[in-house]
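Subject: Structure handover

Hello,

Here is the structure I said I would pass on. Please look through it first; my notes on what was found come after it.

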Amino acid sequence: MTLAPQPTDASPYQSYVYAYPHKTAYGPLPDRPALTALWAGEPKDALSLYLHVPFCEVRCGFCNLFTRIGAPDGLTTAYLDALERQATTVRAALGDSAGVRFATAAFGGGTPTFLTAAELTRLCDIAEHRMGADLRAVPLSVEASPATATADRLAVLADRGATRLSLGVQSFVDTEARAAVRPQRRADVEAALARIRDAAIPVLNIDLIYGIDGQTDTTWLHSLDAALAWHPEELYLYPLYVRPLTGLDRRRPGPDPAWDQQRLRLYRLGRDHLLAHGYVQHSMRMFRRADAPPQGPDDYACQTDGMIGLGCGARSYTAGLHYSFDYAVGMHEIRAIIDDYVARPAAGFAHAEYGRRMTPDEARRRHLLQSLLQAEGLAVADYRARFGTDPAEDFGAELHRFADRGWLEPDGTRRLRLTAEGLAHSDAIGPQLFSPAVRAAMAAYESK
Ligand code: SF4
């Protein structure tokens, strides 16, 4: 087994822990468990449904998501055909329809709006007719890019029940967008935002990035104000990361304390600006307008057990197993995985082939991680009710370390909650809660 170093809190920017364990800790499942067996004993009355569309118009320089640029003729149709076959197989594996209900749905990517309006209609049909999700009755979140957020696509999504449209803007300054290898013009972004507001989808989320080359306090505030002019119900502020095999990979080798300081300063500036404009902080990245309509699960809650992911980059979660297809960041490997996916017959989707078993220890870590990294923190009574122990018994050393750094609020007997500085260091805290086995698996993962 490869021994991975215990992460330290030397840099505030170690990794974004939006799901635990990370996909790079997954591995081949030699027993290829049948989905019927995996789902037989699971509660299925409040499942989450996630449909993954692995196509984008351009590859942003910071992106390590599972997506390919463009699609040769016929590939999106072939992909939707495969998605339909997978949906049919998975739905059959869930069993008796009476007890199966989806409580949330999301289309992610990639860029789901890379699909045409007609293809989006088909995507919704797959979710509704094949999976049995009632899209108009549950929160439905969709990701989009400015160029693909066209009126006809938005009309389909609004009509089918989309409640949240998330637009990846990253920066309203054209030179910064270019520096992040996401070339787009401010005028096009503004036009897309106008179309989204015209479509009257209840929640608009805007993603912005800080830490871009050349970005200053002034330009960052300029982007924030440009976003605020649209009164978005949600804003996500992401620190820029440079990850292996992405377009920015070659630009910043090794640790960069000055860049860390720039990101921390811009984070605090952005946080304070949004708080002063009536937003509430829900996590290091997520801010919601205080008067926005409630939106069901947010970024951590959608990672709870009972997730059905369809598409070749999607994960699925049962209580005992997290699984997906193979994962890659490099374009050549991604194409091969998509080609394999679209070539599969319906029976090719009946087993889990790649994933990670969840032990009781990993379930505790996951619960702690995904609660502690939220502003509201972890309710100790909930943890005790679920696991029969207190977090202080299970993770005493880690919690002491965080408290010593001033990252934990002092009285944690009822609720463990990060301080403002703790939230700012979420990306250093998360990796310190990974198990040795998960760290070792991630270290052994070969980037491809
Ligand atoms: S950041 Fe979004 S739009 Fe850009 S390449 Fe990644 S998935 Fe596509």
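Both faces of strand E6 are covered: Leu140, Val142 and Ala144 are buried on one side, and Ser141 and Glu143 on the other. Strands (E, at least two residues) and helices (H or I, at least four) are DSSP runs, numbered from the N terminus.

This is a predicted model: local features need pLDDT of at least 70, side-chain atom pairs count only at pLDDT 80 or more, and totals for chains, interfaces and linings use all residues. Residues are numbered from 1 along each chain as its sequence is written.

What lies beside E6? Strand E5 (residues 102-109) runs parallel to E6 and is joined to it by three bridges; two strands pair if DSSP finds at least two bridges between them. Ala105 is opposite Leu140 in E6. Between E5 and E6 the chain passes through helix H3 (residues 117-130), a right-handed β-α-β crossover. Right-handed means that, with the strands pointing away from the viewer, the path from the first strand over the helix to the second runs clockwise.

Strand E7 (residues 164-170) is also parallel to E6, with four bridges, and Ser166 in E7 is the bridge partner of Glu143. E6, helix H4 (residues 151-160) and E7 form a right-handed β-α-β unit.

As for the whole protein chain, it has 16 helices and 17 strands, and 40% of its 448 residues are buried.

Regards

Definitions and conventions
A residue is buried if 20 or more other C-beta atoms lie within 10 Å of its own, exposed if 12 or fewer, and partly exposed in between; C-beta atoms are placed from the backbone.
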